[in-house]
Amino acid sequence: MNNIRKTFLFIVTIILCVGAVGCSSNGDIEDSSKPEKADTSWSDVQKKGEMVVAMCPEYPPFAMRDKKGDVEGFNVDFAKALSEELDLKVTFKDTPWEGLVAGLQKGDHDMIISAMSPQEATQASDNVSMSDPYYKLSDIIVVNSKNTDITSKEDLEGKTIGVQASTSSDVAAEELAKKGIKVKEIRKFNRTPEAILDLQNDRVDAVIVGYAYAVSQLNGNKDFKIVNDPVQVCDLVVVMNGGADELTKKVNEAMKAVKDKGTYDDCVKKWLEIK
């Protein structure tokens, strides 16, 4: 009988201990839960009095280097206009295209203004915040001047296409199949000039590239001609870190003010208007 009583007490003790541990664990979970982190994206930028803007200055007329080595272009003037509205100093950070979003998430810069589309931004990371569109960019076709086979995007059927990798032009080329246009091959290059060089040497049949780039760099060049049948039209946006809602809101407000004052139109006329 004593043995039965001892066994019973032992079992009860174990049950009570397990219950206590369970309650303690649940309590720990409750205690370890933390309130959602406050969004300080705007106040952080405001405190330092500076917005660090990353761009890849290899995409004229949006961003490129002049003869002195200084960065110029539409994105530069647009960013300066935004910074004036926000009462901030602006610092430009020359960043390779492939490292723009990664650098943003490491904290190397506050935002990206580099002719980047939402598709390009989210291709690099889902954890980004984007402004309202600041420009609509057409991706068009460039062919050799002697080419008479390609006069529309439908004529890209069965052809070898060149694009700069991880750009809106890359997305446009990949989307052709969804439009019923099956190309032979999409060759991806690190930079657009490399694709243009292969076009010149007949290693690709056509290059898909942004309209502004094509007009500013190839218009008047007798070796090439522009097929102005847009493969796609995409928005360009300012890109910030995911969760930077306050900073995104301030950028959108500044963008609206820049447009209302006519400063935006001045930037377009200077850099993007076809003369």
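1. The lining of the largest pocket is made up of 5 nonpolar, 7 polar and 5 charged residues, where Asp, Glu, Lys and Arg count as charged, Ala, Val, Leu, Ile, Met, Phe, Trp, Tyr, Cys and Pro as nonpolar, and the others, Gly among them, as polar. This is a predicted model, in which local features need pLDDT of at least 70 and side-chain atom pairs count only at pLDDT 80 or more, while totals for chains, interfaces and linings use all residues. Residues are numbered from 1 along each chain as its sequence is written, and side-chain values use heavy atoms, with hydrogens and water left out.

2. Of the 17 residues that line this pocket, Thr40, Ser41, Asp44, Asn241 and Ala244 lie nearest its centre. A pocket here is an open set of points on a 1 Å grid over the protein atoms alone where a 1.4 Å probe fits, with protein on both sides within 12 Å along at least five of seven lines, and lining residues have an atom within 4 Å of a point. Helix α2 (residues 41-48) supplies the largest share of the lining, 4 residues; helices are DSSP runs of H or I with at least four residues, strands runs of E with at least two, numbered from the N terminus.

3. In helix α10 (residues 263-271), the buried residues are Tyr264, Cys267, Val268 and Trp271, buried meaning under 20% relative accessible area with a 1.4 Å probe, protein chains only. Seen down the axis of α10, these buried residues fall within an arc of 100 degrees (taken from the directions from the helix axis to the C-beta atoms), so they line one face of the helix.

4. Across the protein there are 10 helices and 11 strands, and buried residues make up 46% of its 275 residues.

Methods
Buried means under 20% relative accessible area, exposed over 50%, partly exposed in between (1.4 Å probe, protein chains only).
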